[in-house]
Amino acid sequence: MTGCGRSVARLCVGLAAGAALALSFAPAALARPEPASAALAGGVYPGLGQLVVGSEWKAAAVGAAEAFLVGRLLLEDRWTRQAENLYNETGSAADYEDYSDHYDRRQTLVWWAIAVGLLSAADAYVDAHLVGFDEAAPPGRTDAGQLAPTGDDGALRIGLAVRF
């Protein structure tokens with residue numbers, strides 16, 4: 001493993017350890033977090049907004065994905081700069097092609113990292129609105145649109161409910 005590869009591996013391990021440490025101190029669930037603060041936290045570092053709303057496993061998954069993308073982005077950036085320097089020294093078409101490939105991969109990783117950050121912020125915002133949402137249907141009722149036997153005779157009835 002090259003020195004660059006070791007640096008990226010150390011970065012990924014450090015970010016994963018930081019996420020694990022944050023998980024150990026995260027509250028199980030807050031009474032009602034502010035959706036805007038959860039979204040902001042998710043935008044600052046993907047997964048942090050999920051910790052704010054109490055979704056620890058989702059936070060770990062999103063944080064690990066972002067740590068991987070950032071680590072890979074740093075590695076690709078170094079390879080891009082090395083390929084650019086080599087092309088500037090030699091001027092060969094093969095070196096330019098290598099530089100172009102690394103540049104394209106780096107740009108793709110930037111967009112993926114941005115997308116994960118935006119999705120994390122949006123997910124934290126929605127999760128904050130859904131904290132305390134009652135998931136179970138009241139006794140004797142099913143979710144709208146489902147078929148279920150109701151009544152004493154065991155007959156199957158179809159119902160549709162629309163609520164605004």
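**View 1. Aromatic pairs of the predicted model.** Three aromatic pairs are counted, where rings of Phe, Tyr and Trp (its six-membered ring) pair if their centres lie within 6.5 Å. One of them joins Tyr99 and Tyr103, a tilted pair with 6.1 Å centre to centre and 40 degrees between the planes; planes under 30 degrees apart count as stacked, over 60 as edge-to-face and the rest as tilted. Both residues belong to helix α5 (residues 93-130), and because they are four residues apart there, about one helical turn separates them. Helices are DSSP runs of H or I with at least four residues, strands runs of E with at least two, numbered from the N terminus. Tyr99 is buried at 17% relative accessibility, whereas Tyr103 is partly exposed at 32% (buried: under 20% relative accessible area; exposed: over 50%; partly exposed: in between; 1.4 Å probe, protein chains only). Ring pairs connect Tyr87, Tyr96, Tyr99 and Tyr103 in a cluster.

**View 2. Surroundings of Ala41.** Ala41 is part of helix α2 (residues 35-44) and is buried, at 12% relative accessible area. Beyond its neighbours within four places in sequence, Ala41 contacts Leu48, Gly49 and Val52 (contact: heavy atoms within 4.5 Å). Leu51 is 10 residues from Ala41 in sequence, with 8.9 Å between the C-alpha atoms.

**View 3. Elements of the protein chain.** Five helices and two strands are assigned, in the order α-α-α-α-α-β-β from the N terminus. Of the 164 residues, 27% count as buried.

Residues are numbered from 1 along each chain as its sequence is written. In this predicted model, local features need pLDDT of at least 70 and side-chain atom pairs count only at pLDDT 80 or more, while totals for chains, interfaces and linings use all residues; side-chain values use heavy atoms, without hydrogens and water.
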